[in-house]
Amino acid sequence: MKKSNQSPTPSHRPDHRVVIIGAGFSGINMGIRLKQQGITDFVILERAGDIGGTWRDNIYPGCACDVPSIVYSYSFAQHADWSRSFAGSAEIQDYIRRCVRRYDLAPWIRLNAGVSRASFNEGQGSWTLELDNGERISARAVVSAVGGLVNPSMPEIAGLDNFRGEVFHTARWRSDVNLTGKRVAVIGTGASAIQVIPSIQPQVERLDVYQRTPPWVLPKPDFEIAERTKRLFANLPTAQRLLRNTIFSASEAIFGPLVILDTKASSVLEHVARRNLVSNVPDPALREKLTPKYRIGCKRVLLSSDYYPAMTRENVRLVTEPIARVTPTGIKTGDGKTEKVDVIVLATGFRVDIGSAPFEIVGRNGKSLSDAWSNPGSKAYLGMSVAGFPNWFFMLGPNTGPGHTSVLVYTEAQANYIAQAIGNLFDRRLRYLDVRRDAQDAWHRMIQGRMKYTSWTSGCSSWYLDKNGENHALFPGLASEYVWRARQFRPEHYDATVYSASA
Ligand code: NAP
């Protein structure tokens with residue numbers, strides 16, 4: 001698509017060529033891509049008061065990415081100054097801000113603009129978005145970049161509402177609550193918990209960790225990046241790119257052992273994780289409680305070199321008895337014991353929104369996306385296009401998450417694909433592009449057909465699976481395969497509708 005002469009668009013207009021929903025990593029990538037393509041009549045609507053998505057929300061102590069920063073960053077905006085191999089959340093948020101500045105995207109971002117409903121107008125080939133404040137915005141094309149793990153999952157534990165101390169979720173961290181000298185309970189032992197536990201352990205009087213299922217934990221090669229390495233990356237970006245490609249290839253090599261069932265290599269990974277446990281936890285009884293009883297990779301594998309050591313500290317207690325209820329001053333377990341606590345930290349994960357409509361979306365013939373996805377589960381061609389919902393594109397839609405590498409590899413491929421699709425829509429002056437049902441069904445069959453060969457369906461419960469035990473979250477292949485499949489917009493997989501003379 002040729003560069004157009006459109007001038008930059010103020011972000012408060014009621015109609016746009018494109019609306020992007022969400023100003024996290026995905027939405028910002030999409031905005032950069034549209035600008036590069038010469039499409040400047042767009043707005044990024046963000047429901048919160050700041051950009052950054054998950055890196056704005058997750059500020060709990062110890063919060064960091066468990067994917068190396070050199071890969072967990074845009075390939076087109078390499079950052080020579082990462083302070084550590086696995087950067088912390090504040091540094092990642094700073095990187096996102098830098099990218100917004102570098103690509104001059106701020107004028108296109110509108111904060112505090114939550115979308116509550118979307119409906120398609122077939123005659124005009126446009127979407128009407130209703131905002132939380134009652135405002136309406138129309139767009140020819142919409143990109144939903146709302147993220148998949150955004151809304152905290154609050155556990156249904158009896159008595160939680162009547163707890164008299166402080167209770168909060170890791171993704172809603174209360175920096176105003178001083179934990180020094182307090183009796184703290186952490187509920188959950190997932191990716192967030194294993195970061196927060198070692199960070200607060202030295203500070204608190206007592207730390208009770210309530211574990212339902214022990215995670216597999218591999219050592220995390222986290223280290224400070226030397227100044228001379230940063231200088232090398234700044235002066236010789238090719239060196240950084242080479243390292244990025246090498247680390248990415250190494251993560252791809254993990255896919256087989258982690259995800260594909262019945263590979264001998266997965267027992268090697270389990271061996272490394274067991275060694276990590278044995279070398280850090282000398283007490284056999286504690287070790288037994290921390291040993292997972294399911295196949296590695298079934299749930300997300302965690303990386304940490306300080307979680308197990310923290311669990312051996314004198315002020316830490318691992319509780320594996322199920323929680324019976326929360327009392328006004330503590331937590332009562334199934335064995336009838338009650339422990340008094342001052343603060344409860346809910347490290348209980350997120351309501352998984354991958355594969356469910358983020359708000360009411362009404363497509364052609366008045367059909368809602370929730371209905372379209374109710375049976376037999378969510379389907380989207382390449383995880384981006386849904387039949388009956390023309391000119392609408394998902395980033396991180398159904399089955400496009402990774403279990404082994406950087407999610408940004410997928411979302412970057414999606415931004416490129418969607419930019420091509422939108423370019424095609426405008427260049428051909430189409431009313432709308434609607435993905436063909438046969439293309440969508442073939443994609444869905446291919447994805448679901450492979451699921452039975454993955455560790456994800458090997459018999460544990462995880463956020464990867466929906467209530468029917470189906471995986472509509474992850475892509476069952478290498479990231480490189482997804483990138484290859486999404487490398488080029490394929491118009492033959494879409495029905496193109498032109499404007500009729502009377503429209
Ligand atoms: P999570 O992995 O879903 O872990 C939630 C934990 O809470 C699990 O241990 C779960 O136990 C437990 N739990 C949930 N409800 C409970 C209840 N009612 N009673 C007792 N325990 C309960 O959530 P997360 O740790 O927030 O991580 C979610 C995802 O976010 C990760 O998988 C990852 O993709 C992402 N994340 C990434 C990073 C990073 O460094 N990149 C950091 C944090 C999070 P069960 O296992 O028994 O269900």
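## A bridge in the sheet

In strand β10, Tyr-210 is the bridge partner of Ile-187. Strands here are DSSP runs of E with at least two residues, and helices are runs of H or I with at least four, numbered from the N terminus. The model is predicted, and local features need pLDDT of at least 70. Residues are numbered from 1 along each chain as its sequence is written.

Strands β9 (residues 183-187) and β10 (residues 206-210) pair in the parallel sense over five bridges; two strands count as paired if DSSP finds at least two bridges between them. Helix α4 (residues 193-200) packs on the sheet and touches β9 and β10, contact being heavy atoms within 4.5 Å. The direction of α4 makes about 165° with that of β9; axes are lines fitted to C-alpha atoms, for helices over the stretch in contact, and angles run from 0 to 180 degrees between N-to-C directions.

## The whole sheet

The open sheet consists of five strands with parallel pairing, in the order β8-β17-β9-β10-β13. Because β8 (166-169) and β13 (316-319) stand at the edges with a single partner strand each, one side of each is left without a neighbour in the sheet.

## Lining of a pocket

Helix α12 (437-451) is among the elements that each supply at least two residues of the lining of the second largest pocket, together with α10 (369-372) and β21 (430-435). The most comes from α12, with three residues.

Note on methods. Predicted model: local features only at pLDDT ≥ 70, side-chain atom pairs only at ≥ 80, totals over all residues. Heavy atoms only, no water.
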